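Q: Hi! Could you walk me through this one?
A: Happy to, here it is.

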Amino acid sequence: MKRKVKLKLITGDGGNGWVSFRKEKFVPKGGPDGGDGGNGGDIIFRPSKEVWDLRAFEDNQLLKSGDGGRGGKGKKNGKRGADLIIKVPVNTQIKISDDKNIVVKNKDITLLKGGDGGRGNRTFKNSINQEPMLAEAGDSGIKTSVELIVTDSPEVAIFGLSNSGKTYILNKLTNITAKEADYLFTTTVPNIAEIKSDIENIKVIEIPDFINYKKAAKYSSLLANIKVLIIIINHDDSSKETYELIMQSVLPQTASLCAKILILNKFNKHIKEPEVGIEINNIFYVIEGKLNVEKLKEVITRLTKNNPKDDKDSLKEDTPPEEEIFVHAPPIIKSLGKPNFSYSGNVVKIFDNKLVRIAKGSNLNKPEAQLQFHNLLNKSGYLKALTEAGVKKGSIIKFDEVEMEFK
């Protein structure tokens with residue numbers, strides 16, 4: 001059973017804003033109508049009772065949500081990027097750092113937000129600038145690494161050869177309606193459910209026949225962490241051989257403290273059904289489907305309480321903290337703050353995300369756009385600050401990968 005996994009998560013980038021003008025009489029260039037880019041997709045964790053471990057991430061530990069679409073003409077906004085929904089077992093712990101953790105309980109958790117979409121040129125229009133040539137690039141998504149830890153794994157497992165009645169027993173114990181059939185290998189993936197009571201719920205998992213059904217061999221790892229193993233054997237002439245085969249194959253994979261309950265199914269109806277005991281190696285007989293369910297539940301409850309998992313299997317160090325919300329929400333900065341840059345040699349690097357996004361979202365090869373951007377630098381105090389810092393004419397000003405000459 002895969003109980004821990006490390007993932008690298010990347011949210012979608014926001015789409016770029018658009019520069020365009022509509023055709024309209026007596027309006028300069030027809031008026032700006034460039035649409036905004038769509039926001040990048042979020043990363044959402046969803047608790048699912050159909051998922052019992054983290055094996056699905058063994059071959060895919062880099063997960064990314066969708067990028068937002070770029071804006072278009074006619075005030076057309078870009079499409080929002082697709083969210084990435086990650087299904088995990090209920091009560092999975094998400095370890096973000098040594099002091100920041102979240103537990104996925106009974107509702108979706110938006111862990112990371114996608115990058116904001118860039119503004120189109122119509123949002124740059126004002127009383128002074130009626131013909132904006134500037135737009136904004138979408139903000140980048142966030143990248144982070146997390147560790148997932150399953151803290152609520154099944155305590156009871158039901159095992160037997162194919163067509164031995166495993167699903168029948170699971171349905172009786174948990175009141176679910178998992179598929180039952182008379183043909184071989186009906187169950188090819190584990191069924192999981194809960195024994196519910198007023199005091200507590202006990203998770204029970206039905207494991208496929210991994211002795212004969214080779215494709216299900218990977219599910220044998222589930223046995224390593226359970227407290228109680230229920231073994232079902234159909235009573236016939238080969239019952240003893242079947243029992244020995246299961247013991248040789250299954251017992252080495254269970255924890256040393258794991259309790260065992262043996263059920264002989266389809267037993268001779270003339271033999272009186274014995275009472276259910278409380279011994280770890282107790283044998284419980286099911287005669288023609290007449291199962292004393294409540295008494296079996298009592299035994300299982302007693303064994304799970306009196307039989308803690310081996311220390312090597314405990315997750316004491318991973319005690320889940322209280323739930324909290326951790327999101328990345330890059331805002332669209334409405335006003336520029338204090339100039340933020342570095343100057344070395346003849347290169348100036350601008351770190352103001354607002355200016356960087358506008359530089360990347362605009363075509364600064366066009367003289368009109370370049371002039372408007374120059375005015376924005378002047379208005380925001382950057383030109384004065386660069387001059388006071390001793391930046392010489394001809395120096396290169398870098399806005400991420402966008403470069404322009406300081407004049």
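Q: Thanks! How many helices and strands are in the protein chain?
A: The protein chain has six helices and 18 strands. Those are DSSP runs numbered from the N terminus: helices are H or I with at least four residues, strands are E with at least two. This is a predicted model, where local features need pLDDT of at least 70, side-chain atom pairs count only at pLDDT 80 or more, and totals for chains, interfaces and linings use all residues. Residues are numbered from 1 along each chain as its sequence is written, and side-chain values use heavy atoms, leaving out hydrogens and water.

Q: What share of the residues is buried?
A: 47% of the 407 residues count as buried. Buried means under 20% relative accessible area, exposed over 50%, and partly exposed in between (1.4 Å probe, protein chains only).

Q: Why is helix 4 largely enclosed?
A: Because seven of the nine residues in helix 4 (residues 353–361) are buried. Among them are L355, V356 and I358.

Q: Where do F341 and Y382 sit?
A: F341 is in strand 15 (residues 341–344) and Y382 in helix 6, 41 residues apart.

Q: Is Y382 buried or exposed?
A: Y382 is buried, at 0% relative accessible area, while F341 is partly exposed at 22%.
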